[in-house]
Amino acid sequence: MLINAILRAFIVHTLKRRRRRSKCTLLRALLRMVNFRRFGHYQRFLAYPVRESDGPAPRVVPPVAVAAPVVAPLALPANVPLEQGANGRRRRQLQHRFRIVGEEEFLQREEDLMKWTSRLMPNDLKTLVTMKTNGVTPLLIACRNGHFDVVQYLIKRCHADVEQAGSVIFDGEKIEGAPPLWCASAAGHTNIVKLLVQNGAKVNSTTKTNSTPLRAACFDGHYEIVKYLVSQGADIEVANRHGHTCLMIACYKGHYKIAQYLLSLKTDVNRRSVKGNTALHDCAESGSLEILQLLLQHGATMDVDSYGMTPLLAASVTGHLPIVEHLIKLPFVSREDRIAALELLGATYVDKKRDMLGALSFWKRAMEDRYNNSPVLPKPTREPLSPYDYVQEVNNLNMLEELVMDPDEMRMQALLIRERILGPVHPDTSYYIRFRGAVYADSGRFDRCIELWTYALSMQQSILEPLNPMTQSSLLSFAELFSYMLGEVGRPITRGRIVPPIETSDMLVVFKKSVREVQLGQQMFDKMAYHERDHGALSRALVIALHLACLLVRLLDEEEELCTAEMKHQILQSLYDLVSLKFVSQTGRTALHLACYKDAALVGRYPVCQLPSARLAKALLQVGADPNAQDDDGNTPLHLAALSRPCPPELAQILLEHGAHLDTRNVDGETFESLLQNQQLHELVNPIKYTRLSCLAARAIKRYAINCQDEIPKCLHAFVDTH
């Protein structure tokens, strides 16, 4: 398959009228050759062509058919000049046979016909090896896959640029701006690394995230490459954009020999990242006791990061018992830190390891240290909270022993301890509250889930910056949960429980928080430069709010018993608050645009609602949304409804009844009717009913090019232009 891919590319290359396309085809063939290392066949054919001064071209001998009947060649078209000779005719024969017999059989029967393909000129060859397909060059993919002979040929024969960067995939992650040396170092191909360096590759070149080849080798534990790069002048202190150094990543990944080698070079053992963590933090999180001891021997100190976490607490959060036991015995660890580490380790054993007895043993050790030694260190007290089922932390050994009989209270104890020690700022605090709520939902206790999730969401919005991914994840989880409950209400689940109906007040509280998130995001954007704004994050926040609104507006049609008039008023008031924000996306779309657009829905584990939604559009129009607002492409909500294909008739009628113009044109001159597919306008609406005299007048002005700029008010000029 690869040989005939090259062959087909060569054939196309010879056709002058398809020259640009041929280069792309040749590039793809080159990449396939590099990928599968079918190198022997191609070194001959990626050579310079024979010049006329080198002597006559070899005599062409027709091929002999084997195994299968040969397809008769096509006759030479009359308009082909005779000067093309036998080579042009044979190329067409090859192309014809390739189409007829297929790739594999063609490969077996016609491989010798490669001799008659045209040769690449030097400038064409240089162009091909520097072109990219999906962000990658032939040299990059050869370095990534370890094909030494291909790399050598591309560098020596084709003069490939050893610094040309591209995009490569490692461990499912796309690395942007990676130079060939970075790829070879990350993949562990020592011979290719040496070849690249010998041919001028810069050892300190970086990716877009400022990752060096040395850091890439440290990440995957390629010790020999690390030593070679350092010997060639690689800087061991260059950190990536997050401030993580080579030592940090070696410690996190558990590569003892590399960490030992870097420490022997006097690397900074206490250097901090952007978030304030050190190599000791990374080692404590990964769980390598040997490397941790090595760092301490070289002067590592117990610093705190931006979350207030020490390496001891980091080991407790991740549940690495040997590291915790080693650190609490060190003389510079205070008694308070030792107690906090044991209590936090117990909370980790409850939620992460699900080892209740192990958790009790750690809590008992901490409590004995707290109350049996002098001075006594009593636990701080706080008001009991409803999300934690009004549970308070135990403060004596007798109460602690009784916890073993109540696993649910033990789980609440773990949440209380984690919030007290880590604080609401730490991501693990809200994460495990949400985790516990999800466990309750799986067991059918949806009320406890909603209560815990609402508490976690309030905590996130009070601490985190607007549009934080954790906050958006919480809001989307609510939308998915409410969607599931509305769709499955009354269905039996585990332990004789059924899915209960949702309290309207719960949905309304969450929706108000989602509107608040959009508002905070807009306020944050007003203080930022345009290029610094994450427009996608703000659009996601609005779409999540619309998903929640889509679920809420279902209640507007319910009876008084299910949704009171006061509650309906609050729903409409919250929708008005959303519309009054006057949100406009980066493409100029409003909330009503998104409510009418099929592709606006976020993809979650459950379909939170079906967009476009006629109910949601009606509610937005009732609270003041503009039905004739146009995005950057001139599309109104009615245009986007037509693009749903099929367009919901109810949605079109609602938009028109609230003032949408049927004949408004977008920038491409398309109207609602022209965008419909497999639908007729009269099947959806009565066009006569929704055709206005003002629209007819505007269309007449445009059709007959009437100059009326001085005859009508300026406010109507835009209206005329849209028709």
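This is a predicted model: local features need pLDDT of at least 70, side-chain atom pairs count only at pLDDT 80 or more; totals for chains, interfaces and linings use all residues.
Buried means under 20% relative accessible area.

**Exercise 1. Characterise the pair Y388 and Y455: what is its geometry, and are the two residues buried or exposed?**

Step 1. Take the rings. The centres of Y388 and Y455 are 5.4 Å apart, and the planes make an angle of 70°.
Step 2. Apply the cut-off. Planes over 60 degrees apart count as edge-to-face, so Y388 and Y455 form an edge-to-face pair.
Step 3. Check burial. Y388 is buried, and Y455 is buried too.
Step 4. Place the residues. Y388 sits in the loop between α19 (356-371) and α20 (397-402), while Y455 belongs to helix α23 (residues 446-463). The pair therefore ties together parts that are 67 residues apart in sequence.

**Exercise 2. Survey the aromatic pairs, then describe the one formed by F170 and W182.**

Step 1. Count. The whole structure holds nine aromatic pairs.
Step 2. Locate the partners. F170 is in strand β1 (residues 166-170) and W182 in helix α8 (residues 180-187). The pair links distant parts of the chain, 12 residues apart.
Step 3. Check burial. Both F170 and W182 are buried.

**Exercise 3. Work out how strand β1 pairs with β2.**

Step 1. Find the direction. β1 runs antiparallel to strand β2 (residues 173-178), with four bridges.
Step 2. G166 lies opposite A178 in β2. F170 has E173 in β2 as its bridge partner.
Step 3. Inspect the turn. Two residues lie between the strands of this hairpin, and D171 in the turn has a positive phi of about 55°.
Step 4. Four of the five residues of β1 are buried, and the strand is mostly covered.

**Exercise 4. Identify the charged ends that sit over the rings of Y349 and Y432.**

Step 1. Start with Y349. The charged end of K353 sits over this ring, 5.5 Å from its centre.
Step 2. Move to Y432. Here the charged end of R418 is the one over the ring, 4.1 Å from the centre.

**Exercise 5. Describe the surroundings of S474.**

Step 1. Apply the burial cut-off. The relative accessible area of S474 is 3%, so this residue is buried.
Step 2. List the contacts. Beyond four places in sequence, S474 is in contact with R434, L457 and Q460.
Step 3. Compare positions. S474 and W453 are 21 residues apart along the chain, and 7.4 Å separates their C-alpha atoms.

How values were computed. Residues are numbered from 1 along each chain as its sequence is written. Side-chain values use heavy atoms; hydrogens and water are left out. Rings of Phe, Tyr and Trp (its six-membered ring) pair if their centres lie within 6.5 Å; planes under 30 degrees apart count as stacked, over 60 as edge-to-face and the rest as tilted. Buried means under 20% relative accessible area, exposed over 50%, partly exposed in between (1.4 Å probe, protein chains only). A charge sits over a ring if NZ of Lys or CZ of Arg is within 6 Å of the ring centre and within 35 degrees of the ring normal. Contact means heavy atoms within 4.5 Å. Two strands pair if DSSP finds at least two bridges between them.
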